[in-house]
Amino acid sequence: MVFRIEKDDGGMDMSSVLYDLMDWAEIEAVVYSEEDHPRRILGPHVTKQGVLIQAFVPYARKLEVKVTKTGKLYPMELVDEEGFYAVLLPEKKIPEYTLSITYGDGQVKEMQDAYSFPGVITEKDRNLFTKGIHYNVYDVLGAHPMRINGVAGTQFAVWAPNAIRVSVVGDFNSWDGRTYQMERLGDSGIFELFVPGVLEEMIYKYEIKVKGGLPILKADPYAFGAELRPNTASVVWSLEHHKWKDAKWLEKRKKADYDKEPMAIYELHLGSWKKPQVPEGEEDNAFYNYRELAPMIAEYVKKMNYTHIELMPIMEHPFDGSWGYQVTGYYAATARYGTPEDFMYFVDYMHNKGIGVILDWVPAHFPRDAFGLANFDGTCLYEHFDPRQGSHPHWGTLIYNYGRPQVSNFLIANALFWVDKYHADGIRMDAVASMLYLDYGKNDGEWVPNKYGGNGNLEAMDMLRHLNTVFKKRKDGALLIAEESTAWPKITGSIKNDGLGFDYKWNMGWMNDFTNYMKTDPLFRKGCHGGLTFSMVYAYSEKFILVLSHDEVVHGKGSMINKMPGEYEQKFANLRAAYGFMMAHPGKKLLFMGQDFAQFSEWSEEKSLEWELVEQYDSHRKMQEYVSVLNALYQKYPAFYQLDSNPKGFEWINCNDAEKSIVSFVRKTTKKEETMLVVCNFTPVVREKFGVGVPFAGKYKEIFNSDDVKFGGDGNTNPRVKTSKKQEWDGRDNSIQITVPPLGIAVFTCTPEKPAAKKPVVKKTTAKKTEPVKLEDKKPKTEKLETKKEAPVKKGRKKKK
């Protein structure tokens, strides 16, 4: 370090005065970019001798302070040749000023001094975050465009407690981490700095000097925007521009009771739902914008009568092949499809079309990418240090340290963020089982038991309960849905009763049993009949969503149509029966894109769905129509959804006919007349005059049959209303005879028999005693009576002529 002492033009030895004011240790920390309290030395400071202003601008040839009020320029002295300057102004109060910088090439630039602005983050913010209960911490950490004292810039803040120094870098400072060194806030681990002149859409990262002196570049964990891959910088964005138009939708959602309402969810991947035509060589970035996708998806969803869409993760991720499940930008909507405001438009559009939006969310693990959360401040900040706790050996990803309050706060606030800022109607949480089990996907010796010696992740449980508690308190109707693949108890149970508090759980048990059953040749289905009926044993242990998701149509598993046995036509009949049974089974519904028109190919994120199948082949078009009608049927009749979570809403008629692979049951509401009868046949045999026990005497009208010719079937339907007979069947007093379609499902409305009209009962009345009337007092009244002629009663039958 070289110190320079010069005299100013006035002859006063200002350098000696400055010399006495210099804190050489702090100057050295700044010059060597190891300063975590730069406000102690940089910027303006009032002293007895005047206002001391110090600045560190490497590569500057000359530096001057320009007082805004007078326009007067004060040359700054070069205190250190690395670019540290100082000047003492003859002022008692700090004036408004700018720095006039002359670079080596003669270029002059006037800019605000970042260290002349006060800090923004309050002690309350820091305390809440340290305790893990700052639920809108995304409004504090990250990059936030704002004005301070009328000056436009961006407030940056990041949590990196073990860093020696943190700087914000970007094009605005030539990515030089020696400048814009950030201020450490007490022992909170938070660093902050307001950088004037940094505006929206500018890119940035944090340069973190870790112990040992190595500087590393990290994307902002709380950034609202990110560059399009393969670039990895964060982008400054404001989320305040979009004018929402979904107030009516949000008010309706707030009052909704989803347990008593239908949910038919369409799961999709935005990047491969449809792809635009692009020039050869540009296929890697062949994506529609959020704004382009919105009307196309909404039109299709309405046509198909879905109630919600569920988007595979749209949070920023570097690798297309992860489908979004390896997230690096938890607060940033992926740039593949546009800007944050574009995605707001997308959600707003859906709401105004009456479509709910559920977002996939991945709090279970994160990738090891060097620019991301891994080893963030040179230590295992977000993950565990011990790989037995902090690593997924099969996925190659890292596991969050849920017991660290700031980490759980990061995740809890993130789930709330998508509901708050993007009006998401639900969060579907991926891989919950991997969070709950310490030994998930691990062999002996690869995991560490909890303090009780068990395999339950106590810290993850606490975090999930904490999140669900906060969600419930909002009372805004947003849902939390768990993808949990084991029999862990009370996933949707009340937190007060030791449950985790989710609103719904994916029914992975039903999915596995049912798809295995459907893959079986009909000839052998009688041997695995339990795969069809076992789900009702535990159907009311949780609040379930029945799912046929993206996971079932990738990695060699085959599409839904290709899982079905048989020749071409039988495959379609099987699939119609499968979807029909799914609709009638208790639980909300989810179906992955492409499966509603029976795409034969497995799903791939690299290409669009095969929409041409619908245009070219009747079988695919009719399957699409079938699913649309099925969804409409599901929503039209309350019995199929109103008591989904109540055992009173379902009753087997016959679940034991394994030989014929036929099941029959009723779905009910609290109103007898809304009862629905369902008969399913999983063999290719038509059953004529098939006896079915019915819940009560009445009329039974077929309203839906998967073998209808309009759906591609052979027309084995029941066109006439069936009146029940007093004939015992299936343990019921009454029954009907129907035609059961092959590989099909028939649905009947049930109208109770009206009770016979009761004959009026003539009650005998006792004449009221009255006093005798004297004849001389009252003359008898005489009336002329008309007589009615009656036809003579004939005995016997009249002979025919």
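**Figure 1. Strand β25 and its parallel neighbours.** In this predicted model, strand β22 (residues 356-361) pairs with β25 in the parallel sense over four bridges. Strands here are DSSP runs of E with at least two residues, helices are runs of H or I with at least four residues, and both are numbered from the N terminus. Two strands count as paired if DSSP finds at least two bridges between them. I358 stands opposite G426 in β25. β25 also pairs with β26, again in the parallel sense and over four bridges, and L479 in β26 is the bridge partner of G426. Within β25 (residues 426-429), G426 and R428 point one way, I427 and M429 point the other way, and all are buried. Buried means under 20% relative accessible area and exposed means over 50%, with partly exposed in between (1.4 Å probe, protein chains only). Residues are numbered from 1 along each chain as its sequence is written, and side-chain values use heavy atoms, with hydrogens and water left out. Because the model is predicted, local features need pLDDT of at least 70 and side-chain atom pairs count only at pLDDT 80 or more, while totals for chains, interfaces and linings use all residues.

**Figure 2. The eight-stranded barrel.** Eight strands close into a barrel with parallel pairing, in the order β18-β19-β22-β25-β26-β27-β28-β29. The twist averages 25° from one strand to the next; axes are lines fitted to C-alpha atoms (for helices, over the stretch in contact), and angles run from 0 to 180 degrees between N-to-C directions. Strand β18 (residues 264-268) and strand β19 (residues 308-311) run parallel and are joined by four bridges. Y266 has I309 as its bridge partner in β19.

**Figure 3. The nonpolar cores.** The largest nonpolar core has 221 residues. Such a core is a set of buried Ala, Val, Leu, Ile, Met, Phe, Trp, Tyr and Cys residues joined through side-chain atoms within 4.5 Å. The residues with the most contacts inside the largest core are Y266, I309, F343, F346, Y382 and W418. Helix α9 (residues 405-420) gives the largest share of this core, 10 residues. Another core, of 16 residues, lies apart from it, and its members include I653, F696, I736 and V740. Leaving out residues up to four places away in sequence, F343 touches Y290, L311, I314, A333, L359, W418 and Y422; contact means heavy atoms within 4.5 Å.

Figure 4. The 12 residues of helix α12 (residues 508-519) should span 16 Å at 1.5 Å a residue, and its end C-alpha atoms are 16 Å apart, which agrees. The expected span is 1.5 Å times one less than the number of residues in the helix. Buried residues of α12 are M508, W510, M511, F514, T515, Y517 and M518. These buried residues pack against β27 (504-506), α13 (530-533), β28 (544-548), α14 (560-563) and α15 (568-584).

**Figure 5. An open antiparallel sheet.** Four strands form an open sheet in the order β9-β10-β13-β12, with antiparallel pairing. β9 (142-148) and β12 (183-185) stand at the edges with a single partner strand each, so one side of each is left without a neighbour in the sheet. The twist averages 30° from one strand to the next. Three bridges join β12 to strand β13 (residues 190-196), and the two run antiparallel. R184 stands opposite F191 in β13.

**Figure 6. Loop residues with marked backbone geometry.** Y59 is not a glycine but has a positive phi of about 75°. Y59 lies in the loop between β2 (50-56) and β3 (60-67) and is exposed, with a relative accessible area of 64%. K475, also a residue other than glycine, has a positive phi near 50°. K475 lies in the loop between α11 (458-474) and β26 (479-482) and is exposed, at 63% relative accessible area. R229 and P230 are joined by a cis peptide bond with omega of about 10°, and P230 is found in the loop between β16 (225-226) and β17 (234-235).

**Figure 7. The surroundings of A374.** A374 is found in the loop between β22 and α8 (387-390). A374 is buried, with a relative accessible area of 9%. Leaving aside neighbours within four places in sequence, A374 is in contact with K218, F366, P367, R368, D369, E383 and L398. A374 and F410 are 36 residues apart in sequence and 14 Å apart in space, C-alpha to C-alpha.
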